[in-house]
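Please look through the sequence and the model below before reading on. The report starts with the whole chain and then turns to its parts.

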Amino acid sequence: MREVKRSSSGSAPPAKKVHSFFTQPAGGSGAGPSRGTFDKDASASLVHYHYLDPLGDTPPTAPVELVLYDLDGTLIKPSSGAKFPKDRNDWMWWNPIVPKHIKDEIKSGKHVIVLSNQGHKAPKIRNEWRAKLPLISAKLGDLPFRVLGALEKDIYRKPNTGMFDFVAKLYKDRGWEIDMDKVVYVGDAAGRKRDHNNTDLTMALNAGIKFYTPEEHFLGETKAYPHPPDSFRPSNSPALQDNLPPVVPSNTPIARDKMEIVVFTGIPASGKTSFYRRHFTSYEHINQDTLRTRDACVRAARKKLEEGKSVVVDNTNRNKATRAVYVALAKEQGVPIRLFHFTTPPELAKHNNVYRALHAPADEPKRELLPALAFGSYTADFELPKLNEGFEEIRTVNFVWEGDEEQRKLWDRYLQ
Ligand SMILES: [Mg+2]
C-alpha cells in the first residue's frame, strides 16, 4: 500500500511517513474515473478536482511556490487534431516534455494547480471534461494534482481572478503561506495572432502574478505577445479622462421643481440608472426593462404626469423616432421635456456591464449581464439628440467613476 514506506533496513517498522500528500489519498486512487475527488466546497459554477492533497496538517515554515496552469492548449490538446476534444480520451500532452516538467516541479516542492475556463454548457461535454481529469492525473503518477474549472460567466471565469482567489483562500484557511512573488501562471491565451483571446495574460495581470506562455515556460522561447495586452482597462483608455465635468452645462440645477419629462439617451451600462437614483429622487422612474414594452412605458408616464408627478424615461432612447413618442406625450400633457445624453464610450459601457454584474457593491441593486448584442444595436441605430426634436434643453452626462478605493481596483481590471 502506498500510504507508508518501510524503512530501508527492513528490520525496524514502524513505517516512516513520507510527504503528507502520499498519506492522504483523496477519493479513489486507481487510474479509473473514481481516482481523486470532486469537492462540493465550491460554488455550483466552479469545479474543484484533486488527487491526493499536498496541504498537510503542518504547514512548512517557508512559503510554498505555486505553478498555475491553463489546461487546453497549455498542458493538453486534442489527440484527434480537432479544435475541440470529441470525448474524455481525445487528448494528448501539449508537448511530450510537459509531464516530466510538471513531475519535476512537484517533486521539487512546488504545488501545481490547473485553472481552466470551460464554457461549454452541454451536460455531455461537461461530463466528458470532468471524466478526463482523473485520466490526466493518472498519467502524472502518484503525485498531487488539483484542477479548478470555471463553468459560467462569473467571477471564476478568466480574466476574472475567482479561481486564483479560491486557491489563495484554500491555502490561507489551511494555514499555508503562498510565496506571492514566485507564483507563476502559464497559459496559451496571450493575445497572439493565433490565440482565441488573451484571458490567460489578463487574468495574471489582474491577479498580480507572473505570466508565461507554454512556449516560454516549457520550451524556453522568448516573449512573443502584445504586452501590455490589447484589451480595455479604464486606466489605459484615452477616452476616459477623470477631469471631465460630470454634467455639461453645469451651471443650472439637474432636477427641477416644476413638472416635466426628462428623457435619457445612452448606451446600456452608461450610468443612467445610477444618475437617476442620485439626482432625480422626486421623479418617477419609467424603465422598459421592468415595463417590457414602449407602450407600457408611455402609459405609465402618462399616468404619473396626470397624478402631478415628474418622470424620468430611463431607456436607451437611441434614435429620434423613439424619443418623438415622449416629445408627443409632453405636448399632450402640456409639460416641458428635457434630454440628458450619456456619452459613455461603448468600450467603457461593455466594461461596466461586466463590472456591475460581477463586482457591484452589495448595497447597489443587482444587475444582470447584458448580451454583447445590446451594445452593437445601440451604436448601429444611434442618432445624436437635437433640440429641434422638441427638447427645451439637452445636457451631456460624462461618465465619472464613483466608489471607494477597493471598488476602483476591481473596476480598473481587465474584465472581458
Ligand atoms: Mg487554453
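Predicted model: local features only at pLDDT ≥ 70, side-chain atom pairs only at ≥ 80, totals over all residues.

Residues are numbered from 1 along each chain as its sequence is written.

**Overall form**

The chain has 13 helices and 15 strands. Helices (H or I, at least four residues) and strands (E, at least two) are DSSP runs, numbered from the N terminus. The radius of gyration is 28 Å, well over the 22 Å that the globule rule gives for 416 residues, so the chain is more spread out than a compact globule. Here the radius is taken over C-alpha atoms, and the rule is 2.2 Å times the number of residues to the power 0.38. Along the principal axes, the C-alpha atoms fill a box of roughly 100 × 40 × 40 Å.

The domain assignment gives domain 1 (24-219) and domain 2 (247-411); such bounds come from an automatic or database domain assignment. The centres of domain 1 and domain 2, taken over C-alpha atoms, are 43 Å apart.

Of the 416 residues, 34% are buried. A residue is buried if 20 or more other C-beta atoms lie within 10 Å of its own, exposed if 12 or fewer, and partly exposed in between, with C-beta atoms placed from the backbone.

**A sheet and its helices**

An open sheet of 6 strands runs in the order β10-β15-β14-β11-β13-β12, with mixed pairing. Its edge strands are β10 (247-248) and β12, each of which pairs on one side only. Two strands pair if DSSP finds at least two bridges between them. Strands β11 (residues 261-265) and β13 (residues 311-313) pair in the parallel sense over 3 bridges, and Val262 has Val312 in β13 as its bridge partner.

Helix α9 (residues 294-306) lies across β11, β12 and β13, at about 165° to β13. Helix α10 (residues 320-333) lies across β11, β13 and β14 (337-342), at about 175° to β11. For these angles, axes are lines fitted to C-alpha atoms, for helices over the stretch in contact, and angles run from 0 to 180 degrees between N-to-C directions.

Phe280 lies in the loop between α7 (272-279) and β12 (284-286). Phe280 counts as buried because 20 other C-beta atoms are within 10 Å. Leaving aside neighbours within four places in sequence, Phe280 is in contact with Ala255, Val262 and Val312. Two residues are in contact if their C-beta atoms, placed from the backbone, lie within 7 Å.

**Helix α11**

Helix α11 (residues 346-358) has 13 residues and spans 18 Å from first to last C-alpha, close to the 18 Å expected at 1.5 Å a residue. The expected span is 1.5 Å times one less than the number of residues. Its buried residues include Leu348, His351 and Tyr355. Among what covers the buried residues of α11 are α12 (373-381) and α13 (405-411).

**Backbone details**

| Cis peptide bond | Omega |
|---|---|
| Lys158 and Pro159 | about 15° |
| Val248 and Pro249 | about -10° |

Pro159 sits in the loop between β7 (145-150) and α4 (162-173), and Pro249 in the loop between β10 and β11.

Leu52, in the loop between β2 (46-51) and β3 (66-69), has a positive phi near 60°. Leu52 is buried, with 25 other C-beta atoms within 10 Å. Arg292 also has a positive phi, near 75°, but is exposed, with 9 other C-beta atoms within 10 Å.
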